[in-house]
Amino acid sequence: MNKYLLSAGAFFIGTSAAFAHITLETQEAPVGSTYKAVLRVPHGCEGKATTAVRVQIPEGVISVKPMPKPGWTLQTKKGRYEKSYQLYGEAVTSGVKEVDWSGGSLPDEFYDEFVFRGTLAADLPAGETLYFPVVQECEGAAERWIEIPAAGQDEDALENPAPGLKLLPKK
């Protein structure tokens, strides 16, 4: 019986660190599909309220449309893609590269979500992980959830991991 309690305790200790950073609600999706990204913000920075959330959109995520949040200013930064993508039979060469929500206030003791949707290009490599680096700004502080693991490196070893999306084969 004690070994089960120890296992359960180790599970919760091991997972508490995983919930301490910004993550994606849905962490896998098939290439060639529309993906709704829900960034979960579980806390502020060192006890201070979150006042801005900025996410970089990785190459291969196209036609991005963010969801406005009441009380927050929403801006996007657009640019050229590294290559041309096909979307509904049309060539797409540029689009949203960053989404910024700012001017709001999410106290440290509350949780919230920031949402955008986009299309995962059909030629993205299934089995790999796309990373969405996020900067969380707070009153006089910031958390940079931007670390991407090197090949073969365990994501859990990162102190400030970027949210990741595992790419599944096209349906």
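Glu 137 is partly exposed, because its relative accessibility is 28% (buried means under 20% relative accessible area, exposed over 50%, partly exposed in between, with a 1.4 Å probe and protein chains only). The model here is predicted, so local features need pLDDT of at least 70 and side-chain atom pairs count only at pLDDT 80 or more, while totals for chains, interfaces and linings use all residues. Residues are numbered from 1 along each chain as its sequence is written, and side-chain values use heavy atoms, with hydrogens and water left out.

**Salt bridges**

- Let's start with the count: the structure holds seven salt bridges (a side-chain nitrogen of Lys or Arg within 4 Å of a carboxyl oxygen of Asp or Glu).
- Glu 137 has a salt-bridge partner in Arg 54, at 2.1 Å from N to O. That pair ties together distant parts of the chain, with Arg 54 in strand β4 (residues 50–56) and Glu 137 in strand β10 (residues 134–138), 83 residues apart. Strands, like helices, are DSSP runs numbered from the N terminus (strands are E, at least two residues; helices are H or I, at least four).
- Arg 54 also counts as partly exposed, because its relative accessibility is 26%.
- Lys 77 and Asp 100 make another salt bridge, and their closest N and O atoms are 3.9 Å apart. Here too, distant parts of the chain are linked: Lys 77 is in strand β6 (residues 73–87) and Asp 100 is in strand β7 (residues 90–106), 23 residues apart.
- Asp 100 counts as buried because its relative accessibility is 8%, whereas Lys 77, at 45%, counts as partly exposed.
- Lys 83 pairs up with Asp 123 in a salt bridge of 2.2 Å, N to O. Lys 83 belongs to strand β6, while Asp 123 is in the loop between β8 (112–120) and β9 (129–131), so to speak a link between distant parts of the chain, 40 residues apart.
- Salt bridges with shared partners join Arg 54, Lys 77, Glu 98, Asp 100 and Glu 137 into one network.

**Positive phi angles**

- Some background: most residues other than glycine have a negative phi.
- Ser 63 has a positive phi, near 55°, though it isn't a glycine. Ser 63 lies in strand β5 (residues 61–66), and it counts as partly exposed because its relative accessible area is 35%.
- Tyr 88 is another non-glycine residue with a positive phi, near 55°. You'll find Tyr 88 in the loop between β6 and β7, and it counts as exposed, with a relative accessible area of 73%.

**Aromatic rings**

- There are four aromatic pairs (rings of Phe, Tyr and Trp, using the six-membered ring of Trp, pair if their centres lie within 6.5 Å; planes under 30 degrees apart are stacked, over 60 edge-to-face, and the rest tilted).
- Trp 72 and Phe 114 are an edge-to-face pair, because their planes are at 85°, and their ring centres are 5.1 Å apart. This pair connects distant parts of the chain, with Trp 72 in the loop between β5 and β6 and Phe 114 in strand β8, 42 residues apart.
- Trp 72 and Phe 114 are both buried.
- Ring pairs bring Trp 72, Trp 101 and Phe 114 together in a cluster.
- Phe 114 has a charge over its ring as well: the charged end of Lys 69 is 4.9 Å from the ring centre (NZ of Lys or CZ of Arg must be within 6 Å of the centre and within 35 degrees of the ring normal).
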